[in-house]
Amino acid sequence: MKHLLLAAALLLAPAARAQTSALPIPSPTHSLSGTVRDAAGQPLPGANVFLKTTFDGASTDSLGRFRFSTGHAAGALPLVVRLIGFEPVELTVVLGRGPVAVPAITLKASRAQLGDVVVTAGAFEASDAKRGTALTALDVLTTAGALGDITGALNALPGTTRVGEEGKLFVRGGAASETKQYLDGLPVQSPYAGAVPNLPARGRFSPLLFKGLVFSTGGYSAEYGQALSAVVALNSTDLAPETQTGVSLMSVGGGLSHVHRWARTSLAVAADYTNLGPYFRLVPQSQARAFETRGGSARLVQQVGRYGLLKIYGTYAWQTVAALQPDPAPEYAALGRAVALRNANEYLTATFRGPLHRGWSLNTGLALTRDDNDVRPGALAVRDVEQSAVARLVLTNDSASTWFNLKLGAEGLAQRYRQTYRPDTAAGAPGALRTGFDEQRVAAFAESELVLSHRLAGRAGARAEYSALLGQWNAAPRLALAYRLGPHGQLTAAAGYFYQTPTNDLLRFTHDLGFERAQHLQLSYERSAAGRTLRGEVYQKSYAQLVTYDPANFSAASAYRNGGQGYARGFDGFWRDRRSVPRLDYWVSYGYLATVRQYRADPVPAVPTFAARHALSVVAKYWVPKLHTQFGATAAYNSPRAYYDPNQPGYNQARTPSYQDLSLSASYLTHLLGQYTIVNVAASNVLGRANTYGYRYAAAPAASGQYQGVALAPSAPRTLFVGVFISINKKTPGNTEVAPD
């Protein structure tokens with residue numbers, strides 16, 4: 001039930017602001033276009049063209065042409081053109097009311113006569129001067145089956161395994177806790193909404209908050225820590241392009257939003273409400289019984305000086321969910337075990353970026369989080385409260401030399417975690433068990449992108465961290481090399497060490513543990529030209545110092561130690577085509593994974609229950625101009641996953657059926673009472689495949705000597721969503737078609 005259906009929604013009306021390949025979008029506030037050539041007048045493909053101190057920009061195509069849009073306020077701004085091997089160019093452009101045609105730009109070769117090598121280890125497509133991008137906001141919203149959830153869309157990319165009972169990101173044999181999310185450079189402590197066992201969680205953030213994202217499945221920059229497997233870097237939008245009001249009416253709730261734009265400031269406020277009770281009465285659920293959320297957010301963006309930008313974002317969310325969990329115990333066999341959750345989450349972040357002197361720029365921020373989960377499994381009560389503050393400062397110098405740049409950063413975390421466990425909530429029941437910890441952690445990193453020859457570039461960096469709770473520190477060197485094979489292809493290799501502190505559920509019982517560690521080695525080939533991207537990557541990930549414990553004595557500190565290890569190796573392939581068929585955007589991703597680890601309660605090394613050897617996804621989106629409708633489809637397959645059957649010899653020796661899903665969606669663009677409107681219909685698992693996530697067994701054998709078990713399956717075979725989204729004060733869509741990027 002990718003339930004928080006909040007859903008496909010969060011949705012498409014404001015999504016019309018995003019640049020994409022399939023939907024007809026009203027023109028943004030400003031557009032810029034031009035060409036970049038060398039001294040001989042030949043076009044330069046792959047040059048990075050961007051507005052300084054923003055993430056607005058594009059790369060030139062095979063003819064040296066570029067085109068992009070920006071929501072920045074009107075006025076004079078510096079436009080920067082960079083291409084490794086050439087002297088950078090900075091010129092002033094004046095943003096006005098209409099499109100800006102930039103005069104032809106000529107780049108002079110630097111002393112080394114270098115080529116256009118870009119180090120993008122772990123990213124699936126090359127983007128602007130700063131990062132590689134896998135998906136845009138509208139990619140997320142229009143991916144069938146994702147239901148407007150960032151994680152749902154990322155699960156259609158290689159390297160991931162769909163773990164339907166959790167709904168989180170599991171990357172290359174790693175647990176969900178091994179993937180870290182960053183918002184504007186700040187680590188997010190609670191990226192998922194609350195969830196009960198066997199009902200999938202959903203990401204906290206609407207994709208409409210972001211310009212795009214970087215999904216790095218390994219070998220990532222020294223900027224990022226506390227992630228053994230993967231990083232999702234989310235980059236929020238800058239100044240809103242225009243004033244508008246949004247209204248959403250959905251089969252599961254509704255929402256209101258308003259954005260006001262001044263010359264140098266934009267303010268956005270939103271409120272939403274979701275109640276799946278009426279939906280559950282129409283579509284019976286085997287487990288879920290109630291689901292309700294309410295929340296609100298405010299976001300202020302202020303231009304500071306000529307080029308600085310301050311962003312302040314705050315959000316509050318409250319939710320409740322109740323379910324009947326399948327349980328083989330005789331007293332629960334008929335109806336299941338009742339479990340309820342109440343979650344409250346507050347999140348506040350402030351970031352600033354801007355230029356300093358002598359080519360240096362500053363990017364800094366602070367994030368505050370409070371997450372409160374109150375879970376009631378039957379007569380038990382478990383309450384987790386986590387509070388954290390994260391601060392970060394990064395200094396970058398891109399102009400010191402045409403041979404290298406330099407990035408220096410520091411990060412600090414203060415965290416408090418408390419858990420209260422009551423074995424019985426009845427009056428007069430025994431007292432509660434309270435556990436928890438306080439953590440202070442600091443980190444520093446340094447990194448540089450280096451030009452080594454006319455075809456070879458590199459990225460070298462190191463990160464160091466210290467944990468006051470563990471009383472330990474670590475040092476993690478990282479290196480990536482990229483070799484240009486031609487105007488459109490490159491070969492990239494990456495290696496490094498990655499560390500992570502044990503998760504909260506382990507540290508609540510003992511602090512006498514060390515960092516968990518992973519070593520990444522990977523080699524990838526990428527070719528990107530004319531709207532088509534082909535990427536293949538082989539990788540080896542080695543685990544050490546994983547925490548293991550004795551489940552029969554889990555509350556004793558002596559049961560825990562850093563004795564686990566393991567490996568994950570495999571191949572990821574990705575093909576995306578936005579040119580071959582007009583108005584069709586599709587991609588195919590495949591991942592092969594071989595992994596074994598001894599982890600947490602595992603008594604011996606084994607295949608993890610969250611890993612699938614084969615994972616295949618096919619995503620297609622097709623725009624039909626005459627119908628003003630985009631149709632989408634996603635087909636997903638995961639090979640059987642391991643699980644432990646106590647009735648058979650061995651450990652994690654049994655296998656589930658394969659996971660199969662076909663999801664469809666349609667988005668109709670029109671206008672209602674003169675206002676821009678989108679009608680969205682989405683359905684997951686339209687063929688009604690009876691997917692099984694695993695099995696739960698009784699703690700003791702029955703009289704027959706066999707352990708009774710029950711299957712873990714989705715709460716309902718499929719999910720249906722209908723929504724109407726209206727943007728007031730926005731231009732109507734008209735008949736203009738936006739060509740694929």
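Residues are numbered from 1 along each chain as its sequence is written, and side-chain values use heavy atoms, with hydrogens and water left out. Because the model is predicted, local features need pLDDT of at least 70 and side-chain atom pairs count only at pLDDT 80 or more, while totals for chains, interfaces and linings use all residues.

**Salt bridges**

Side chains of opposite charge can pair when their charged atoms come close. The structure holds 27 salt bridges, where a salt bridge is a side-chain nitrogen of Lys or Arg within 4 Å of a carboxyl oxygen of Asp or Glu.

| Pair | N to O distance | Separation |
|---|---|---|
| Glu165 and Arg641 | 2.6 Å | 476 residues |
| Arg392 and Glu411 | 3.1 Å | 19 residues |
| Arg600 and Glu516 | 2.8 Å | 84 residues |

The salt bridge between Glu165 and Arg641 links distant parts of the chain, with Glu165 in the loop between helix H4 (150-154) and strand E10 (179-183), and Arg641 in the loop between strand E32 (629-638) and strand E33 (642-643). Helices (H or I, at least four residues) and strands (E, at least two) are DSSP runs, numbered from the N terminus. Glu165 counts as buried at 15% relative accessibility, and Arg641 is buried with a relative accessible area of 6%; here buried means under 20% relative accessible area, exposed over 50%, and partly exposed in between (1.4 Å probe, protein chains only).

Arg392 and Glu411 meet in a salt bridge that joins strand E21 (residues 381-397), which holds Arg392, to strand E22 (residues 406-422), which holds Glu411. Both Arg392 and Glu411 are buried, and they belong to a network of salt bridges that also links Glu223, Lys407, Arg463 and Glu465.

In the salt bridge of Arg600 with Glu516, Arg600 lies in the loop between strand E30 (584-597) and strand E31 (614-624), whereas Glu516 lies in strand E27. Arg600 counts as buried at 9% relative accessibility, and Glu516 is buried with a relative accessible area of 4%.

**An open sheet**

Four strands form an open sheet in the order E3-E2-E5-E6, with antiparallel pairing; two strands pair if DSSP finds at least two bridges between them. Strand E3 (57-59) and strand E6 (89-95) stand at the edges with a single partner strand each, so one side of each is left without a neighbour in the sheet. Neighbouring strands of this sheet are turned by 20° against each other on average, direction ignored. Strand E2 (residues 48-51) and strand E5 (residues 75-82) pair in the antiparallel sense over four bridges, and Phe50 has Val80 in E5 as its bridge partner.

**Positive phi in two loops**

Most residues other than glycine have a negative phi. Gln226, however, has a positive phi of about 55° and lies in the loop between strand E12 (210-216) and strand E13 (230-236), where Gln226 is buried with a relative accessible area of 8%. Ala530 has a positive phi near 50° and is placed in the loop between strand E27 (516-529) and strand E28 (532-549); Ala530 is exposed, with a relative accessible area of 53%.

**A nonpolar patch**

Trp262, Leu267, Val269, Leu300, Ile312, Leu348, Leu366 and Leu368 make a nonpolar surface patch of about 630 Å². Patches are made of residues with over 30% relative accessible area and no salt bridge, with like charges joined within 9 Å and nonpolar side chains (Val, Leu, Ile, Met, Phe, Trp, Tyr) within 5 Å; accessible areas come from the Shrake-Rupley method with a 1.4 Å probe, and for residues only the protein chains shown count as cover. Strand E16 (265-275) and strand E20 (360-377) are the elements that give two or more residues to the nonpolar patch. Leu348 is placed in strand E19 (residues 337-355) and is partly exposed, with a relative accessible area of 42%.

Definitions and conventions
Axes are lines fitted to C-alpha atoms, for helices over the stretch in contact, and angles run from 0 to 180 degrees between N-to-C directions.
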